[in-house]
Amino acid sequence: MRRNYQADDYIGYAKIGLSEGITHAGCWAHARRKFIDAEKACGSNEFLTEIISLIGRLYDVERYARENNLDSEEISELRNKKSRPVLEDIYSMLANKHGAIPPKNKISEAISYTLDNREKLLPFKS
């Protein structure tokens with residue numbers, strides 16, 4: 001049986017994720033915060049507004065699961081139906097924008113963080 005743990009990208013946590021039977025799940029709150037920080041530093045724009053909104057939709061799915069006391073199988077089904085398309089949209093937008101913004105820009109840093117942590121931010125499988 002696999003056990004999941006959720007943590008940020010602190011290097012000290014990486015070793016735990018290498019342990020047999022453990023999956024290191026990334027935290028969308030940390031990714032979202034990077035985009036919020038970029039918005040504060042660079043001002044609001046359509047791209048940032050859309051990414052932050054899409055991440056909010058991921059939160060909505062998790063809130064629905066919690067409020068309706070779904071079991072793990074139901075949560076998996078809900079995530080595959082509702083979250084997976086949102087994640088595809090997020091990563092498509094990030095891939096299209098990646099490299100188009102100077103690397104020292106806060107928006108670029110947020111994009112790179114989210115792309116670099118993709119595997120941890122997409123831990124659930126169908």
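Me: Where does helix α4 bend, and by how much?
Reply: Helix α4, residues 72-97, bends by about 40° at Ser83, and Pro85 follows within four residues. The bend is the angle between axes fitted to the seven residues ending at a residue and the seven starting there. Helices here are DSSP runs of H or I with at least four residues, numbered from the N terminus.

Me: What kind of model is this?
Reply: This is a predicted model, in which local features need pLDDT of at least 70 and side-chain atom pairs count only at pLDDT 80 or more, while totals for chains, interfaces and linings use all residues. Residues are numbered from 1 along each chain as its sequence is written, and side-chain values use heavy atoms, with hydrogens and water left out.

Me: Which residues of α4 are buried?
Reply: Leu78, Ser83, Val86, Leu87, Ile90, Tyr91 and Leu94 are buried in α4. Buried means under 20% relative accessible area, exposed means over 50%, and partly exposed lies in between (1.4 Å probe, protein chains only).

Me: What do they pack against?
Reply: The buried residues of α4 pack against α2 (28-42), α3, α5 (106-116) and α6 (118-121).

Me: And what is found at the two ends of α4?
Reply: At the start of α4, a side-chain oxygen of Asp71 reaches to within 3.1 Å of the backbone nitrogen of Glu73. After α4 comes Gly99, with a positive phi near 90°.

Me: Turning to Leu54, which residues does it touch?
Reply: Leu54 lies in helix α3, residues 46-67. Not counting residues up to four places away in sequence, Leu54 touches Val86, Asp89, Ile90 and Met93; contact means heavy atoms within 4.5 Å.

Me: Is Leu54 buried or exposed?
Reply: Leu54 is buried, because its relative accessible area is 2%. Its C-alpha atom is 9.6 Å from that of Ser83, a residue 29 places away along the chain.

Me: You mentioned Cys27. How many disulfides are there?
Reply: The count is zero, where a disulfide is a pair of cysteine sulfur atoms within 2.5 Å. Cys27 is buried because its relative accessible area is 16%, whereas Cys42 is partly exposed because its value is 37%.

Conventions: Polar contact = N/O pair within 3.5 Å; in protein donor to acceptor, adjacent residues only side chain to side chain.
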